[in-house]
Amino acid sequence: MSLSREQMAEIVARDIPDGAYVNLGIGQPTMVADFLRPDSGVVLHTENGMLGMGRPATGDEIDPDLTNAGKQPVTELPGASYFHHADSFAMMRGGHLDVCIMGAFQVSAGGDLANWSTGAPDAIPAVGGAMDLAIGAKQVFVMMSLFAKDGRPKLVPECTYPLTGRGCVSRVYTDVATFAVEPDGVRVVETFGISIDELITRVGMPLVPSSFD
Amino acid sequence: MIVSAEDAVSVVKDGDTVLVGGFGMAGMPVDLIDALIEHGAGDLTIVSNNAGNGDTGLAALLAAGRVRKVVCSFPRQSDSWVFDGLYRAGRIELEVVPQGNLAERLRAAGAGIGAFFSPTGVGTPLAEGKESRVIDGREYLLEYPIRGDVALIRAHVADRMGNLVYRKTARNFGPVMATAAAVTIAQVSRIVEVGSLDPEVVVTPAIYVNRIVEVPR
C-alpha cells in the first residue's frame, strides 16, 4: 500500500532530530507538526517572524496579528519569540535553521529543487520565501507524491521546471518510497507497497538500493 | 509628529516609491493606504510582500489605478484577484524578489550598504542578468538596496517621540521598512507619553519615524 498524506507526515516527523529548529512549508508539510512528539523539543520557525509557533488557533484564540506563513491564524508556545523579516531570513541564510520541509514539482538526482513555477507562460510568478529556505536551511526535506497525475515521475535526472535552488535537497519523502540524495546517487531508504525493481522501472533512472534491502 | 492619516500621506508625490508593511493583512497599515487613495498620488511603485488581498488596503490602491509597478515576493494568492486582473491586462509591472532578498535589500538601504552578495536565487531564473561571484567556494548574486521615498507601516504602540513596539507576527517588514525610506509613517493602535515605553522593548527607535497616526483597534 502506498502511504496516505498523514502517514507521509508521520514518517517525516520521525526523521526530525529532537531539539531541531524546523520550518514547515505551506500545504502538506504543515501536517508534520501533528506528528511531532510533545517532548521532542522541536521548535517551529515561521518566516513571517516567529520561533515557537504552536498549533492552529481556533475560536477565541484567533488573533489577526498572529499568523503562519500561509497567513492562517496560529498560537504561540512558551519560549516563543518574535523578530522582523530581515532577522527571520538571516536565520535561514546564516545556517541556523536545522531543517526545512517543502513540497516540490520536481527534484533532481543532484538535489536540485523546483517548486515555485511550472514555467507556464500565463502563470503569475510568485516565489515567496522558497528560494531563501532552499539554500539556507542545513537540510531540505521534500514531501511530494512520486508521480504526477499523468504518471510521470517527479524525481528526475534533471529538472525541466525552473529551479528554486541548486543541490539543496537531502531527502525526498513520497507516497511510495523515501529517498536520500547522496554524492554517489539517489539512495532508496524505504519503500511502501512497491518493489525496488518496479520503483526503478517507473522512475526510469538509476537508484541505489539501501544496504539492508 | 502626531498627525491625521490624511496629513501624514500628503507627503507622497506622483511617481514615488512607497514601502508598505504587512504580511497578508497582519501589519498592513490599512488606514494609511485608504488615506493615500483619497490623497490621489499616482504612478507609484509599491514595495510590499504581497500584492493586495481581497478588495481593501493595497488591493484598493491597485484597483484605483494608482500603481505603476509592484515589487514583491508573492503576488499570487487565492484572494489577489485585483492584482491578477491588472497583471494579465498588462496594466501593471511586476518585479518578483525572493522574500529574504526583499527584506535584506530594504535592510541594506536603511543601513547604508551599497550592495551585497546573497546566495539566494543562484541557478534559478531570478539570477538572470545579475552579477555573480564565488566567495569561499560558494556562488552568490549581487543584490542592490531598495529605498523608499515613503514607508507606510503598522506598529502596536508608539510614544509621542515615535519609538515603536509591535505586536506578534504583525511586526514582519515594519522595522526594516522604517529604516529604508526618506519619510516613515507609522499607523499605531495607541500613542503613549514619552517615558512610558520600556527602552529595552522598543523595536524601532524614534530616529527612524517621522509621523505617527493613531487608529484605535
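The crossing of α2(A) and α5(B) is left-handed, meaning that the near helix is turned anticlockwise from the far one by less than a right angle.

## About the model

This is a predicted model, in which local features need pLDDT of at least 70 and side-chain atom pairs 80 or more, while totals for chains, interfaces and linings use all residues. Residues are numbered from 1 along each chain, chains are lettered from A and ligands numbered from 1 as written, and side-chain values use heavy atoms, without hydrogens and water.

Chain A has an open sheet of 3 strands in the order β7-β6-β9, with mixed pairing (strands pair if DSSP finds at least two bridges between them). β7 (113–114) and β9 (155–156) of chain A are at the edges with a single partner strand each, so one side of each has no neighbour in the sheet.

Strand β6 (residues 106–108) of chain A runs antiparallel to β7(A), joined by 2 bridges. Val107(A) has Leu113(A) in β7(A) as its bridge partner.

## A pocket lined by both chains

Which residues line the second largest pocket? Among them are Ala134(A), Cys168(A), Pro119(B) and Glu139(B). The lining divides into 6 nonpolar, 1 polar and 4 charged residues.

Conventions: 1 Å grid on protein atoms, 1.4 Å probe; cavity = no way out; pocket = protein on both sides within 12 Å on 5 of 7 lines; lining within 4 Å. Nonpolar A, V, L, I, M, F, W, Y, C, P; charged D, E, K, R; others polar. Helix = DSSP H or I, 4+ residues; strand = E, 2+ residues; numbered from the N terminus.
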